[in-house]
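Good morning. I will go through one structure today, and I will keep to what can be read from its coordinates.

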Amino acid sequence: MLTLISFPSGWTGSPYEESDLETIFSRQCQLLGGDFGSEPTYTAYSQEFNGPDGEFAGHSVIIFGSIADAIDAMNGLVSALERCLVELENEFELLMRRDGIEVNVRSEEMSLTGFEPGLLGIRSGITFPGRSGTLIADQFFVRRSRMIADLGFSYPFGEGPNDTSNRLLSRLIDTMRSRLEQAQE
Amino acid sequence: MALNYRWLFAMMIGVALLLAACAGEDSDDTSSFQSDRPQVPGVVTQIVSLSMSLLSINPKQTRRC
């Protein structure tokens, strides 16, 4: 797992807290709600990490019963993202609206260069009607053996990626991948 | 088991609270930040403490008010 030592100085960590946050997706998109068909055997969550300028990072590792199950899940994620991004946006907006907060969410699959094939990335831009500024949040998925790791990263409100954040994300993804490789040995 | 979206919702809530707090400052209502909190009940209450901590450690965002 990623730990605080994976981050630059100035970042802090706080314990992950379970949530009963429920997302509901259609049958063809249910994988985005975490229903992989083949139930993972274990999910481990990292601490939640806060950057000095308002960045946020969270990380989890999903362990499947077999490599085949993990490959199926990763392939399913890829195809779900090809056809379910609008549903993902709508679900985020609906959940926030239930709590009285209006947001507009737009998500897209990222084209990632400089990384191995198979690294999956989604970028979401969240705006608040009547307010200026966008909250940009990225989520990455990578598979090794029977494990899928995800990394969520959001930028300071009103800001987007820059050289510093790109370098940090690149390092975090490399670390996440190498930890998975160590775990499979 | 669910994909780990909690962090994303926490961030959205955090920004919404920040914006509400900023709006309160514009109207000279210095207590608005506290009084806004009950307006985000439900599932959000599970993660609002995280959002508050995000705001409190984030002087750069606070300055934007």
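Where in chain A is Tyr16(A) found? Tyr16(A) sits in the loop between strand 1, residues 12-14, and strand 2, residues 42-45, of chain A. Before I go on, please keep in mind that this is a predicted model.

Is Tyr16(A) buried, exposed or partly exposed? Tyr16(A) has 18 C-beta neighbours inside 10 Å, and therefore it counts as partly exposed; the cut-off for buried is 20 or more. Setting aside residues up to four places away in sequence, Tyr16(A) touches Tyr45(A), Ser46(A), Gln47(A) and Glu48(A). As for Ser178(A), which is 162 residues away from Tyr16(A) along the chain, the two C-alpha atoms are separated by 22 Å.

Now the overall picture of chain A. Chain A contains three helices and eight strands. Starting at the N terminus, the order of its elements is β-β-β-β-α-α-β-β-β-β-α. A compact globule of 185 residues would have a radius of gyration near 16 Å, and chain A, with 16 Å, agrees with that. Along the principal axes, its C-alpha atoms fill a box of roughly 50 × 45 × 35 Å. Of the 185 residues in chain A, 35% count as buried. If we take the contacts in chain A between residues at least 6 apart in sequence, 58% of them join residues at least 24 apart.

Next, helix 1 of chain A, residues 67-83. Helix 1 of chain A has 17 residues and reaches 25 Å from its first C-alpha to its last, close to the expected 24 Å. Which residues of helix 1 of chain A are buried? They are Ala70(A), Ala73(A), Leu77(A) and Leu81(A). Looking down the axis of helix 1 of chain A, the buried residues fall within an arc of 65°, so they line one face of the helix. On the face of helix 1 of chain A turned away from the buried side we find the exposed residues Ala68(A), Asn75(A), Ser79(A), Glu82(A) and Arg83(A). The cover over the buried residues of helix 1 of chain A includes helix 2 and strands 5, 6, 7 and 8 of chain A.

Helix 2 of chain A can be read in the same manner. Its 14 residues should span 20 Å, and the end C-alpha atoms of helix 2 of chain A are 20 Å apart, which agrees. The buried residues of helix 2 of chain A are Leu88(A), Glu91(A), Phe92(A), Leu95(A) and Met96(A). They cover an arc of only 125° around the axis, which puts them on the same side of helix 2 of chain A. Val86(A), Leu94(A), Arg97(A) and Arg98(A) are exposed on the other side of helix 2 of chain A. After helix 2 of chain A comes Gly100(A), with a positive phi near 80°.

On to the strands. Strand 5 and strand 6 of chain A pair in the antiparallel sense over six bridges, and Arg106(A) stands opposite Gly125(A) in strand 6 of chain A. How many bridges join strand 6 of chain A and strand 7 of chain A? There are eight bridges, and this pairing is in the antiparallel sense. Ser124(A) stands opposite Ala137(A) in strand 7 of chain A. The hairpin of strand 6 and strand 7 of chain A has six residues between the strands, and there Gly130(A) takes a positive phi near 85°. In the loop between strand 7 and strand 8 of chain A we find Ser145(A), which has a positive phi of about 50° although it is not a glycine.

Last, the core and chain B. The largest nonpolar core has 55 residues, and those with the most contacts inside it are Leu135(A), Met11(B), Met12(B), Val15(B) and Ala16(B). Which element gives the largest share of this core? Helix 1 of chain B does, with 12 residues. Leu135(A) is in contact with Ile126(A), Ser154(A), Phe157(A), Met11(B), Met12(B) and Val15(B), leaving aside neighbours within four places in sequence.

In chain B, Tyr5(B) lies in the segment before helix 1 of chain B. Tyr5(B) counts as buried because it has 23 C-beta neighbours inside 10 Å. Leaving aside neighbours within four places in sequence, Tyr5(B) is in contact with Leu21(A) and Thr23(A).

How values were computed:
Residues numbered from 1 in each chain as written. Chains lettered and ligands numbered in written order. Predicted model: local features only at pLDDT ≥ 70, side-chain atom pairs only at ≥ 80, totals over all residues. Helix = DSSP H or I, 4+ residues; strand = E, 2+ residues; numbered from the N terminus. Rg over C-alpha atoms; globule rule 2.2 N^0.38 Å. Buried ≥ 20, exposed ≤ 12 C-beta atoms within 10 Å, placed from the backbone. Contact = placed C-beta atoms within 7 Å. Expected span 1.5 Å × (residues − 1). Arc of directions from axis to C-beta. Pairing = 2+ DSSP bridges. Core = buried A, V, L, I, M, F, W, Y, C linked by C-beta atoms within 7 Å.
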